[in-house]
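Dear colleague,

Please find below the structure that I am handing over to you, followed by an account of what was found in it. I would be grateful if you read the two side by side.

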Amino acid sequence: MSQQGYVATPPYSQSQPGIGLSPPHYGHYGDPSHAGSPPGMMKPAGPLGAAAPGGMLPQGPSPPGPQQFGQNGAHAQGHPPQRFPGPPPVNSGAPSYAPYSPSTQSSYPSPASTASVTQMASQLNAMHINSYGSGMAPPGQGPPGPPSAPLFQGLPRPPQPSIMQPGSQVLPPPPTALNGPGASPLPPSTHRQDGLPGPAPLNAQYQPPPLPGQTLGTGYSPQQGSYGPQMAGGQLSYPGGFPGGPAQLAGPPQLQKKLDPDSIPSPIQVIENDRATRGGQVYATNSRGQVPPLVTTDCVIQDQGNASPRYIRCTTYCFPCTSDMAKQAQIPLAAVIKPFATIPSNETPLYLVNHGENGPVRCNRCKAYMCPFMQFIEGGRRYQCGFCNCVNDVPPFYFQHLDHIGRRLDHYEKPELSLGSYEYVATLDYCRKNKPPNPPAFIFMIDVSYSNIKNGLVKLICEELKTVLEKLPKEEQEETSAIRVGFITYNKVLHFFNVKSNLAQPQMMVVTDVGEVFVPLLDGFLVNYQESQSVIHNLLDQIPEMFADSNENETVFAPVIQAGMEALKAADCPGKLFIFHSSLPTAEAPGKLKNRDDKKLINTDKEKILFQPQTNVYDSLAKDCVAHGCCVTLFLFPSQYVDVASLGLVPQLTGGTLYKYNNFQMHMDSQQFLNDLRNDIEKKIGFDAIMRIRTSTGFRATDFFGGIFMNNTTDVEMAAIDCDKAVTVEFKHDDKLAEDSGALIQCAVLYTTIGGQRRLRIHNLSLNCSSQLADLYKSCETDALINFFAKSAFKAVLHQPLKVIREILVNQTAHMLACYRKNCASPSAASQLILPDSMKVLPVYMNCLLKNCVLLSRPEISTDERAYQRQLVMTMGVADSQLFFYPQLLPIHTLDVKSTALPTAIRCSESRLSEEGIFLLANGLNMFLWLGVSSPPELIQGIFNVPSFAHINTDMTTLPEVGNPYSQTLRMIISIIQQKRPYSMKLTIVKQREQPEMVFRQFLVEDKGLYGGSSYVDFLCCVHKEICQLLN
Ligand SMILES: [Zn+2]
């Protein structure tokens, strides 16, 4: 295995003394100790298991009809990667550029640096604008084109580079006849200071400078210059043939031109194109290595042998055959796995397989579970494992004859033979202490210190609990929830409550020794809600009164978690703590925190300290919680610094969720909080989970990011995992991969259901392998790439200077694109920027990541907010990270009240707004309704029921229910956007030219950032320059 220096290895993989987030034993790509580890020995999954209540569960699925699965069998159906003679052999000669060293190569204008101004200016001078698609390879030159798209059985394909169009081409040569005169002038260099500190007007549009004459290209129509709907490869046509040789494309270096934002790749256009070609259709997962529709495209997914993209998405669906090739391209090989993803009601839920006492059938050597990648041989008596190639005997109970093509006769009757995803009932071997688990418990823990009582929060929580406890999650076949509930209140001491059903009044027990918390009662603490309903309601009525006269300001925090965990431990069940907390825990107790928010650390090598917990108490607490299946969800109501980096650690590592409501005000924020609370209590969740990723030979999982804890290099432990949480897994080669066998991944999650049953959830995915770089680039998914880059960078934030991380991201972006340019694109002028079709919008998304407040070292953004966003992103799935980094911006004034379709989104730039317009922006955490000063009065009347712009009250956080189509449609759009998102978005009304507009503008991510961070255009120039350097 030779993995040194691969991709972002240098800095990210440095040994990090553990604060728990990155135990030193993983994340080391070059660590030889990994090389010998077998590809998948499941640790005797620890104490795990549930008797298989066979009678309760359907014995296998109703078999999908053969006609439906006619083309099934991923291992047999993989399309061989297509070859084409064009590109130079990938292994011929050394990589064209040396491994980068971030500190010397990057010229990405970090907010703290001013050195890049001249570089930028000269770069721009050297850059040449061209129409999109110019510089196409003359026929017969260059690679005979990327392979034709594999056959996808009638599925629509996203635009693929073709012979004529090896990729999107932007920013190329001078604005000449190619784009029409003056179409794309570069900006004056004086405006080129993006990323420099200091606010800049957001609407800094570059003035078109006068254009000197240009060498004319050949007959391009002016329209080609815009990156409009023509973007889809197949739709482009180039009247007049192709431009001449590269020389023609170069312009005078002193030329200064403006880059037309319309000429650079548009995320909206990419999203809309995918919707147009693949939206509303059935996507069947029957082919190996097929690239799914984008996360933003609605379609119906049909499992035909590979896991749905709702469960697993990959950065690329074609892995390079060798690690040399992987190093050359520097494209991260990763999967974003959301094992409990919500499946829409029109798709088939997972089948449950029950082999009774026999348990799941597994490979003897690598312990992989029976799946479509197992090949039955010898008349069905044995099978060869697709992961380790071991030949296993088929257990007698599982024997079945083969048909004339070697497939078992029961192929379509067994989900584990024909589907990508399914569940197994686990046997007692998979249970802790070999006995069935108890159903989980929920413990509600309320901070009753002075401020929470005074502002009414405690009363609000208690009132709401009475309602939401009615909605505890339950198994579909059950009438009531098996989940038991318990209640604790606290300030600097803890109060446990006995709510046993036979009591007339709840009883309180106070624990004052917070140094060593014990659980003062067992019987009566965790109860069935239905049975104890009246005592519980009695308690919830009393709690606000009980502490009404308390003046206690100090709180503890770690002992609260400890108490909840001990209670679950004592009850021998997994569970979830719901903690409602407001302040920095300064009371004398373990985990006591001091205010250490130090802005002076920003932009220094010590900035990482702000993201680390200030004591190791929380780290070891998290470890204990995971060991006992205790998930912690934290609702924070801070009015000042509370040290989110410390308080949020346990929630993050235990698969819980952190919610934060700054300066919580009852009338403004309670709706958002209550929505979050309801959603969190009701959501689907698995407890006490261990995830294991198995891979076919030649590669393996090396690094994991998410709400997880790892005690060794392979077992991903999770106190709980819910439907919104994703784990991102990075893969590395340890040998060559074969094109014919592909790359297989099996994700197995052993967990306890909300009903207390032990199960295994299996997801299988088969990817292609190729020795052609073009295949790799063709199969990339930018949304998944950004998810990976965000998580790896946000993990690195704990250990690395931010400047280094930003440089790595820029460098790696440039490397990936330069490699494509060098090896896959047609020959053309060096000054052209050529992007692979699958990565057209990688630069704009990467720039959004770089501008996120976590990576942007700016004192204007609170330390807690940065720590909060860092934590959120670490567990995001691809759809959530896509929306988070590139918000959805909808022109509301264009909405058609007769249609249920959302208006087409527009790009996140101030230049796209208009005074006459009303726009809705959402990023998954926040939602804004921006009103232009000249908004149409009928719309204002329709939405707000007031006569004019001036009458609109911007204090509201929900829109009034006005009985007209505008109001109804807009409120419906808001609820559609909110659906399926893990966090309730608070609506803020923003009027143009009023102060709160500043907040809104931060989300116009294509513009220069308020607090630094390049505009998209400038970043693209920067990346282009890096690429040119690499190619030279
Ligand atoms: Zn095996």
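Is glutamine 330 buried or exposed? Glutamine 330 is buried, with a relative accessible area of 4%, where buried means under 20% relative accessible area, exposed over 50% and partly exposed in between, with a 1.4 Å probe and protein chains only. Its place is in the loop between helix 8 (323-329) and strand 6 (334-337); helices (H or I, at least four residues) and strands (E, at least two) are DSSP runs, numbered from the N terminus. The phi of glutamine 330 is near 60°, a positive value in a residue other than glycine.

Some conventions apply throughout. This is a predicted model, in which local features need pLDDT of at least 70 and side-chain atom pairs count only at pLDDT 80 or more, while totals for chains, interfaces and linings use all residues. Residues are numbered from 1 along each chain as its sequence is written, and side-chain values use heavy atoms, with hydrogens and water left out.

Lysine 433 also has a positive phi, of about 55°, although it is not a glycine. Lysine 433 lies in the loop between strand 11 (421-425) and strand 12 (441-447), and at 62% relative accessibility it counts as exposed.

As for the protein overall, it has 27 helices and 30 strands. Of its 1032 residues, 64% are buried. Among contacts (heavy atoms within 4.5 Å) with a separation of 6 or more, 78% are between residues 24 or more positions apart.

The zinc site comes next. The protein donors of the zinc ion are Cys363 (SG), Cys366 (SG), Cys385 (SG) and Cys388 (SG), which lie 2.3 Å from it. Donors are N, O and S atoms within 2.8 Å of the metal (3.2 Å for Na, K and Ca); water is not among the atoms, so sites may look incomplete. The 4 donor atoms subtend angles of 100 to 115° around the zinc ion, which makes the arrangement tetrahedral (four donors with all angles between 85 and 135 degrees). Along the chain, the donors follow the spacing C-x2-C-x18-C-x2-C. Cysteine 363 lies in the loop between strand 7 (352-353) and strand 8 (375-377), and cysteine 385 in the loop between strand 9 (382-384) and strand 10 (391-393), so the pair ties together parts that are 22 residues apart in sequence. Both cysteine 363 and cysteine 385 are buried.

The axes of helix 11 (residues 457-468) and helix 12 (residues 533-546) come within 8 Å and cross at roughly 170°; axes are lines fitted to C-alpha atoms, for helices over the stretch in contact, and angles run from 0 to 180 degrees between N-to-C directions. Helix 11 and helix 12 are therefore roughly antiparallel to each other (an angle over 145 degrees). Helix 11 contributes Val458, Lys459, Cys462, Glu463, Leu465 and Lys466 to the contact, and helix 12 contributes His537, Leu540, Asp541, Ile543 and Pro544.

Finally, leucine 929 is placed in strand 29 (residues 926-931) and, at 0% relative accessibility, counts as buried. Not counting residues up to four places away in sequence, leucine 929 touches residues including Ile892, Phe919, Phe944 and Leu987.

With kind regards

Notes:
Tetrahedral: all angles 85-135°; square planar, octahedral: opposite > 155°, others 65-115°. Parallel < 35°, antiparallel > 145°, perpendicular 65-115°, else oblique.
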